[in-house]
Amino acid sequence: MRSFVSHILIGITCLGSALPSNADAFCGFFVAKADAELFNEASQVVMVHDAGKTVLTMVNDYQGDPKNFALVVPVPVVLKKEVVRVTEMGPIDHLDAFTAPRLAEYHDPDPCSESILRLGGKTVTESAALADTFAPAEQRRSRVRVEASFTVGEYDIVILSAEESNALESWLRDNGYDIPKGAASALRPYVRTDMKFFVARVNLENMKKSGFQKLRPLQFAFKDPRFMLPIRLGMINANGPQELLAYVITKEHRAEVTNYRNVKIPTNENIPTFARSEFEKIYSAAFDTQVERANGRAVFTEYAWNMAWCDPCAANPLSRDELESLGVWWLDEGGGRRGPAQKAFVTRLHARYDENTFPEDLMLKVTSDRSNYQVRYVLRHPHTQPVECSAARDYFARVIKRREDEIRTLASLTGWSREKIREQMEPLPEHFEKAPEKGFLDQVRDWFGD
């Protein structure tokens, strides 16, 4: 038996925006990030999970007439109104920025100086007429059952159970949902396993009263020993490959999938300094290359870190209030409410998939790994002022070699030609090529190994 905790947006979808936020890093500093805004047709899901309990937040990136919006979410149990709410995009945008792939920037010191470079809230209203609004046609009453109905914020919600997927599709159509063709076959595996269906549409009057111009994320909690993020339903109205960004928050350890390859994006690579203004293009190409090398059959880890700190930071760590708004319920365990949220570990998973490359829903587990990981690329600016000392020639030679290494690295990451990359490199000053020959004592020191 499988649980289903994801969603399909029945209608037109587009990417929600992410707000930039910078922070000083512990060493070097962050200069750019590649967040959700970079990828088209991307879905964002926040999963807070521990010991068979999950809080799921779904970003509804629907654009269009609200009356045409519909959301169908298979769930393992009948959800109660008390564990369903609308939430705000701010903490999700912040989480996206905090976990996004990033650039870090360093400047070489004067090679002739003695310095040594060390690198190293909840509004719920009930509609009295809601049950009548969602009443199924009489001939389908025995095959589709309304288990619950309520209104949360700008959404009218019903929880359905069904005996047949065709009956469920017909019920949705009878009640004004313009669902895509093929919905019955996609719903069938979940009907067979006795899943329930969380169905939402917009309450236009409540949305008008709220003053919000965009639909807010929906969030709900449930218990289920199976840890899963189904994605198959999202493919029935997909035009080409889909992007999924899943931010999984656990107590202390990294999360990963169990039924597909887990691949970590190459990290801590030195790349040319022109990447400062081209990072979105570079990371997009790098991700494309990783997907191609995995034949499209992998889930990529982009970040795994305790949320109390980061280095370098693409955004400040989330506050306790923000974590709680995402559904993190255990922060009060073992003490008071003050201090950083030490028991909140976030894993950012990124997948690009279609029905051929991902025939199964995502099965997940919490690992025993709590080591820190982030996708980070490094820019190292050379010291370009003329200098004269015994160390200068070696430094100039290292910079020239380093630049060639950066070209090879970027070519490997992106699939771009070395010639194309070299054309974009900033030229070095002439004195890098015209450094004086080593003197006698320098040669002696080299010979003695000092």
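The structure is a predicted model, in which local features need pLDDT of at least 70 and side-chain atom pairs count only at pLDDT 80 or more, while totals for chains, interfaces and linings use all residues. Residues are numbered from 1 along each chain as its sequence is written, and side-chain values use heavy atoms, with hydrogens and water left out.

Two disulfides are found in a search of the whole structure. In the link between Cys112 and Cys389, the S to S distance is 2.0 Å. Relative accessible area was classed as buried (under 20%), exposed (over 50%) or partly exposed (in between), with a 1.4 Å probe and protein chains only. Cys112 counts as partly exposed because its relative accessibility is 29%, and Cys389, at 30%, also counts as partly exposed. The other disulfide joins Cys310 to Cys313, with the sulfur atoms 1.8 Å apart. The link of Cys310 and Cys313 is right-handed, with 100° about the S-S bond. Cys310 has 0% relative accessibility and therefore counts as buried; Cys313, at 5%, is likewise buried. With bonded cysteines counted along the chain, the disulfide pattern is 1-4, 2-3.

Nonpolar cores were defined as sets of buried Ala, Val, Leu, Ile, Met, Phe, Trp, Tyr and Cys residues joined through side-chain atoms within 4.5 Å. The largest such core has 43 residues, of which Val84, Ile157, Phe198, Leu218, Phe220, Phe358 and Leu362 touch the most other members. Apart from this core lies another, of 33 residues, including Ile271, Phe279, Val291 and Ala304. Neighbours within four places in sequence aside, Leu218 is in contact (heavy atoms within 4.5 Å) with Leu56, Thr57, Met58, Asn60, Leu71, Val84, Arg85, Val86, Tyr155, Ile157, Phe198 and Ala200. In soluble globular proteins, nonpolar side chains tend to be buried together.

Helices (H or I, at least four residues) were taken as DSSP runs and numbered from the N terminus. Helix α6 comprises 15 residues, 279–293. From first C-alpha to last, α6 reaches 21 Å, close to the expected 21 Å at 1.5 Å a residue, where the expected span is 1.5 Å times one less than the number of residues. Buried residues of α6 are Phe279, Ile282, Tyr283, Ala285, Ala286, Phe287, Thr289, Gln290 and Val291. Asn295, which follows α6, has a positive phi, near 55°.

Technical notes. Disulfide = S-S within 2.5 Å. Helix = DSSP H or I, 4+ residues; strand = E, 2+ residues; numbered from the N terminus.
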